[in-house]
Amino acid sequence: MEILDKLINVALIAATLRTTAPILLVALGGSFTTKAGIFNIGLEGQMLVGAFFAVLGSIGTGSAFAGVACGVAAALVFALVFAILVVSFKANEVVVGLALNILAGGMTISLMKAIFGTRGSIVGHGIVGLPKVQLPGARDLLGSWAPLISGFTPLVYVAFIAVPLLVLCYNRTRLGLYIRVVGEKPEAAEALGISITRVRYTASLLCGLLAGLAGAHLSLGYITMFTENMSSGRGFMAVAILIFSNGDPLKVLAGCLLFGFADAFSLRLQTFGYPSYLVLTVPYVVALIALFALSYRARPRVIAETLESMRKLLSVDKSAEPGGKNPQ
Amino acid sequence: MKDHLRAVSGQIIAIGVALLMGAIIILMVGESPVRVFMTLLRGAFGDQEKIAGTLLQTTPILICGVAACIGLRGGMFNVGIEGQLFLGGFAAAWVGFAIPLPTGIHTLAALALAVAAGAAWVAIPAYFRARYNTNEVVSTILSNYVAVLLTSYFTIFLFKRPGGWSETPPILATSYLPEIFTFSRLNWGLVIGLVLAVGAALVFRYTKWGYGVTMVGSAPKFAEYGGVNVKRQGFLVLLLSGAVGGLAGGVETLGVHHRFMEGFAPGFGFDGLIAALLANGSPVATIFTALFFGALRNGSLLLEVDTSASREIITVIQALIILSVSAQVLVRKRGDSQAGERRWKF
């Protein structure tokens with residue numbers, strides 16, 4: 001019991017929130033593209049360039065927030081390229097996503113060598129990290145539980161506040177509705193006169209924005225340094241979460257908390273002397289198990305949905321043809 | 001035939017565009033593109049040894065490329081070749097140092113276990129892909145991370161060479177893949193790769209099974225009505241792809257390193273996938289794209305010595321090539337507006 005006590009306590013929960021934030025940000029970004037019907041495997045790369053350019057910006061301007069802006073801008077450029085190729089040129093989204101990830105990896109290492117003359121990592125050089133936010137009154141309110149809501153870097157709060165905002169966006173705003181329609185029933189969107197291209201571009205760019213924030217949080221908030229491939233598969237885990245949550249913000253949050261916990265728990269296990277190589281596999285194994293287990297459970301639903309959509313497709317084909325020629 | 005010519009010329013234009021964009025990035029990192037490209041060329045083909053080195057780098061890319069082709073033909077993205085390569089490499093090394101066997105048989109046994117390890121590693125994602133339609137791209141990518149960490153654990157905690165640094169004991173000489181020349185480590189692995197590529201092409205072209213695989217990849221409904229068991233086929237395709245990925249690792253261990261070490265073949269799996277994509281899923285064309293990427297890789301070794309650019313600049317160029325190939329609709333939009341959608345849907 002004592003070991004359990006040492007493993008699970010307030011510090012662990014706070015650590016979970018901290019490790020959840022980057023994956024939550026990037027997964028919420030991916031939620032936009034998932035809802036808009038795009039399979040975005042390029043999250044990893046967007047996150048990585050976000051992290052790198054956030055560090056560059058922070059060094060260049062001496063301000064952490066300007067650094068975050070730089071990181072977001074870089075991720076947006078990647079998201080834009082992704083959108084141009086996938087939406088406008090209708091290229092294969094898996095291929096483009098993977099290529100952009102590879103590009104991000106090679107580019108950040110090349111630029112790191114060119115600018116800092118080093119391989120591996122950027123530490124020091126005057127990187128300004130994001131400040132920790134101490135909420136006033138947290139200690140009075142919660143006592144020893146205060147670390148649960150206070151003392152995080154700003155983007156942790158942004159990540160968790162974004163969840164209800166996304167719920168509102170999908171349920172209460174025109175943009176959210178358009179994104180869902182485009183993803184679920186592109187034919188219907190077209191019939192309603194919604195520009196699929198424009199909605200998908202918007203979704204991709206919103207995704208880039210959040211992925212950039214996730215990257216900036218990794219290199220300026222979570223720790224204050226950049227290392228080669230520092231996103232280390234978080235973007236791919238986010239995609240796994242998106243697959244089984246179907247992009248619903250609350251389910252995304254639940255999935256991300258699971259991974260955040262696995263991450264924090266494995267860091268904790270390392271201090272108990274378990275071999276680090278095995279401990280480091282924990283988050284990936286959890287992701288794989290979740291992916292497989294939930295797809296097994298979703299089996300009847302998948303079959304039902306396939307039949308349903310085929311039936312609908314057949315009936316839509318018949319009824320939509322006269323309407324299609326004569327919109328409105 | 002004209003289509004074929006157009007496809008090849010389109011690919012070459014895309015490579016040209018990518019090299020141009022690569023030149024801009026090289027300028028951005030403060031090097032002269034001409035110098036970088038000349039160094040790459042010199043590093044890849046400068047003399048006899050350099051050419052052999054290029055072929056040595058081509059070997060794993062080619063075998064991984066064939067693995068990727070098998071998957072792509074059957075409509076499967078095996079992005080886990082990297083992980084299968086690592087496990088295959090470790091499995092071959094284990095047979096090599098732990099089980100004494102006569103020459104020849106030893107090599108074959110090690111390669112067989114490498115193949116089995118690669119197939120076993122992809123079996124679970126393949127099963128769930130075939131049975132429950134679980135996205136194989138994500139599951140195989142995530143399993144890469146596990147494979148790399150797991151082989152590192154085996155190497156460092158279970159089978160470390162006494163006094164060595166994160167490597168297994170050397171394999172016994174009976175399990176070596178024989179070298180072709182005396183002046184290079186180039187070995188029969190290249191021949192294995194070439195035979196595999198041609199063999200795969202023949203299977204796809206002339207056998208009923210190969211035709212079924214291609215049909216499942218390009219028109220699954222048609223294949224199903226034609227009597228192909230699509231689920232079983234998909235499972236087998238991924239398993240075969242993983243097996244070849246494992247073989248690539250075995251060849252790399254037995255032919256080049258003669259031991260397993262941490263990070264022993266970084267990126268070959270991804271290079272193979274890119275080579276297969278650039279070759280449009282054709283195993284024979286993969287021979288040439290693998291040679292191209294092998295040359296880039298070997299050239300990049302000299303790049304670090306002779307210029308201030310880092311060798312990852314070739315990764316950038318590879319990614320740009322794939323991006324411009326997928327944007328090829330730009331070039332041929334006039335004739336065929338569906339080209340982008342059809343690309344890589346075999």
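This briefing describes the fold of chain A, the contact between chains A and B, and one helix pair in chain B. The structure is a predicted model. Chain A contains 14 helices and 2 strands, and its contact with chain B involves 42 residues from chain A and 43 residues from chain B.

**Chain A**

- Of the 328 residues in chain A, 49% count as buried.

**The side of chain B that touches chain A**

- Chain B contributes 43 residues to the contact with chain A.
- At least two residues of this side come from each of the helices α5 (105-132), α6 (136-158), α11 (268-278), α13 (313-326) and α15 (339-342) of chain B.
- Helix α6(B) provides the largest share, with 14 residues.
- Sorted by class, this side of chain B has 28 nonpolar, 12 polar and 3 charged residues.

**A helix pair in chain B**

- Two packed helices are described by the angle between their axes and by the distance between the axes.
- In chain B, the axes of helix α2 (residues 33-45) and helix α3 (residues 48-73) come within 5 Å and cross at roughly 90 degrees.
- Angles of 65 to 115 degrees count as roughly perpendicular, and α2(B) and α3(B) are therefore roughly perpendicular to each other.
- The classes represented in the contact of α2(B) with α3(B) are 3 nonpolar, 2 polar and 1 charged residues.

Notes:
Residues numbered from 1 in each chain as written. Chains lettered and ligands numbered in written order. Predicted model: local features only at pLDDT ≥ 70, side-chain atom pairs only at ≥ 80, totals over all residues. Contact = placed C-beta atoms within 7 Å. Helix = DSSP H or I, 4+ residues; strand = E, 2+ residues; numbered from the N terminus. Nonpolar A, V, L, I, M, F, W, Y, C, P; charged D, E, K, R; others polar. Buried ≥ 20, exposed ≤ 12 C-beta atoms within 10 Å, placed from the backbone. Axes fitted to C-alpha atoms, helices over the stretch in contact; angles between N-to-C directions. Parallel < 35°, antiparallel > 145°, perpendicular 65-115°, else oblique.
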